[in-house]
Amino acid sequence: MPCTDDSPERIAAEARRALEICNACQYCNGYCALFRALKSRRQVGRADMLFLANLCHSCRSCYHACQYAPPHAFAVNLPKSLSLVRQDSYRDHAWPPVLRGRLRYSGRAVVVAALLAVAGLSLAAFLAVPPETLFGQHAGPGAFYRVVPWEIMAGLAGIAMLWSLLAIGFSVAAFWRSMGPAPANVPLLPVLRETLRDAATLRNLGGGGAGCDGRDGGLSQARRRCHHALFYGVALCFTATGVATLYDHLLGWQAPYPLFSLPVLLGSLGGAGMIAGTTGLALLKRRADPGPVAASVTGADYALLVLLFLTAASGFALLGLRDTAAMGPALLVHLGIVLGLFATLPYGKFLHAPFRVAALLRAAMERQAEARDRPRA
Amino acid sequence: MTSAPRDCDVLVIGGGNAGLCAAISARRSGAAVTLLESAPKALRGGNARHSRNFRVMHDGPTPWLQGRYPAQDYWSDLEAVTDGAADEGLARLLIAESAGIVDWMGGNGVRFQSGADDALPYSRKTAFFLGGGKALVNALYATAEALGITIHYDSEACALHAKDGLPSVTVRHPKAMRVIRTRAVVVASGGFQADRGWLRDRWGDVADRFVIRGTPHATGAMLKALLEDGAQPVGTAGHCHMVAVDSRSPGFDAGIVTRLDGIAHGIVVDRDGRRFADEGSHTGPTRFSAWGDRVARCPGAVAFSIFDSAIETRFRPSIFPAVRADGIGELAVQLGIDPAALEATVTGFNAAIGGDGSAMAIQPPKTRLATPIRVPPFGAYPMRAGVTSTCLGVRVDGQARVLREDGRAMEGVFAAGVIMAPNILGRGYLAGSAMSIGAVFGRIAGREAAAYALH
């Protein structure tokens, strides 16, 4: 039975079939942590499958190395099967619970929400801000806040972020419970160290050191590098925002900050990373072998990449235009996109990040429990 | 050397591990090389697709191998499994040259797993390639293409004309037949296990029940052609490397995953419901191959592994669901066995179990892991013999030249891999040794064929 994008039951049954064949084979156990976690399971229940699906980084090395991949009669396609389970796992753990099973991960909704945020914010600004202010030239400290008052900017961003954090937190907590009981009494420090290492280095996207498999078996670390650029780019942008908040509250220095200030430098470096990372990932996605990819998950992938790209690009536009009359509209667009991004984080592809960290944590706990229980030679 | 026009210097027949090594080695020796692979691109690589490791000699730990595996240990292991039938000169050559396989493969794009990786079983004797055989095959094809080797997929060599020292080969492709003329040919086309008729000649009608674990393209056409041309046979036509597999396994290419893991824990009965061998005789890595031959020689070449729900937790399940029933009689009915016979066998077995985990008071005894079968539901896996490869080949010398009955070499004809492995593994098998033979003699054959073609 080939892998099809179908009902949750079919998706789960197909993934279980593939995992059972993989467990009998285990040739891929040098590629990532999944195969080792699989090996300790005699059978694959629903909790195991959720865990394993989110542990998979979709590097696809196993697909290209698979003696049972199509056109073999077994038609094993582990990355594709698990990506479908993963997508169902985001939907089944959405918060608030009323959304569970109802969300569609086409990606269109995410992009539409961001555009609506831009439109809503712009409309409100047109109604509330006099045109000569909105389209005026502003300079010096507090320039942004003359277009959008600080209270409104911070309030909107705060609400969106808080909602996002809450929803993601509840989703991850529900997902953690769905993975079944965690091993008890494992040493915390090594577990956290391993999880942090795995999340920070994306070791499991490295194809066991050989790199992800691209089209026709060419190996490269390009996807891993692009993901690093994106992830660390976002981290730098958050750091920039944090530094700016300190400047404002502790030192009373109001944005915009000069070109060679810490917030602008960090934000620019982060934004460049985001643009490079999102562009690179999108290009790699377009060029990738379609074999191990489920068409129904790529929409959500592109949507997140588009929003992150637009966030960074609109940030640079604002930086470039801030001394001109276009500053007001540029600010509204950037702010709207950032709000749209935050509001939709819990309902799209972004969930892969916290879910995967949870799965990495679980895998590290299992490894530590195994090491603890292993008889000493 | 004649100046007659040739399509290539070296023609390699077979795109598995041995053929790829031969092609790369010949190309690196300066020859223009063409490689024929009878499978389509997606299923290329012969039985190497299903392989996992190389058995290599080494005198100290390396990043890929723990401990040491000295030449003498390698030789003792080979001698033990082959009952001394191995050609000692070739075996010693294999052992010496095996030491260089990992580096050579690494230089041609193949990646290995760290020997200390605890996801792997501890092994001082074999090096595991990362991702298994298909990853190795992909890497070698990528290297072959980059070196400018001409590769023809879907291209089966169906006739070999070697008599005058300027070989030519008739090639069948879905679109056309053609003849390729070459200066030297390396035959690396494997065994004949995919030729059901040939198997039947040796095993009778039960051969129809054998599962072929590897490629459906191992038809032995080139083996037959060489033998008809006067090549000296080695090995045993009636012997196969076999393991016991779940009988629901696909007829070809199921590789490793349909092997049955837990045979030693329960009992095994034939289609008449009778036990016929000591299930506890092999509990280590040899347990798979021990049962291949036993099942092949059962009436109808089928057998059944029987267990209860307590025993079942001690081994890994088959990828196919167990046949289950609440009573032994019902289970027998589902398996097509006489219920009274199976009930009598189980009752007799249970009664014969002593306190030390063996059942000696019964014929045949079960020497280890004897546990009563009494906790329902009961389960069973139907078993068949799964053939890895046949054990008939052509004699070669240390330059991988194919030898005639009189000991002279056939001009310009070389062999590597399973087609000549019976020089060393005429019977018996060691994990990772067939891949090592393919790599070592593939390299030698490629180098020597290039030297012959270019001299």
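The model is predicted. Chain B and chain A bury about 2,600 Å² between them, and the structure holds 22 aromatic pairs over all chains.

**Interface of chain B and chain A**

- Chain B contributes 35 residues to the contact and chain A contributes 32 residues.
- Of the buried area of about 2,600 Å², 52% lies on carbon and sulfur atoms.
- One salt bridge is counted between the two chains; B:Asp118 forms a salt bridge with A:Arg36, with the closest N and O atoms 2.5 Å apart.
- Polar contacts across the interface involve 19 residue pairs, with both residues at pLDDT 80 or more.
- On the side of chain B that touches chain A, the residues divide into 15 nonpolar, 10 polar and 10 charged.

**Aromatic pair B:Phe54 and B:Phe112**

- The total over all chains is 22 aromatic pairs. In the tilted pair of B:Phe54 and B:Phe112, the distance is 6.2 Å centre to centre, with 40 degrees between the planes.
- B:Phe54 lies in strand β3 and B:Phe112 in the loop between α4 and β4, so the pair ties together parts of chain B that are 58 residues apart in sequence.
- B:Phe54 counts as buried at 0% relative accessibility, and B:Phe112 counts as buried at 9%.
- B:Phe54 and B:Phe112 form one aromatic cluster with B:Trp64 and B:Phe129.

**Aromatic pair B:Phe307 and B:Tyr381**

- The ring centres of B:Phe307 and B:Tyr381 are 5.1 Å apart and their planes are at 50 degrees, so this pair is tilted.
- B:Phe307 in strand β12 (residues 302-307) is linked to B:Tyr381 in strand β14 (residues 378-394), 74 residues apart.
- Both B:Phe307 and B:Tyr381 are buried.

Conventions. Residues numbered from 1 in each chain as written. Chains lettered and ligands numbered in written order. Predicted model: local features only at pLDDT ≥ 70, side-chain atom pairs only at ≥ 80, totals over all residues. Heavy atoms only, no water. Contact = heavy atoms within 4.5 Å. Buried area = accessible area lost by both parts, 1.4 Å probe. Salt bridge = Lys/Arg side-chain N within 4 Å of Asp/Glu carboxyl O. Polar contact = N/O pair within 3.5 Å; in protein donor to acceptor, adjacent residues only side chain to side chain. Nonpolar A, V, L, I, M, F, W, Y, C, P; charged D, E, K, R; others polar. Phe/Tyr/Trp six-rings, centres within 6.5 Å; stacked < 30°, edge-to-face > 60°. Helix = DSSP H or I, 4+ residues; strand = E, 2+ residues; numbered from the N terminus. Buried < 20%, exposed > 50% of the residue type's maximum accessible area, 1.4 Å probe, protein only.
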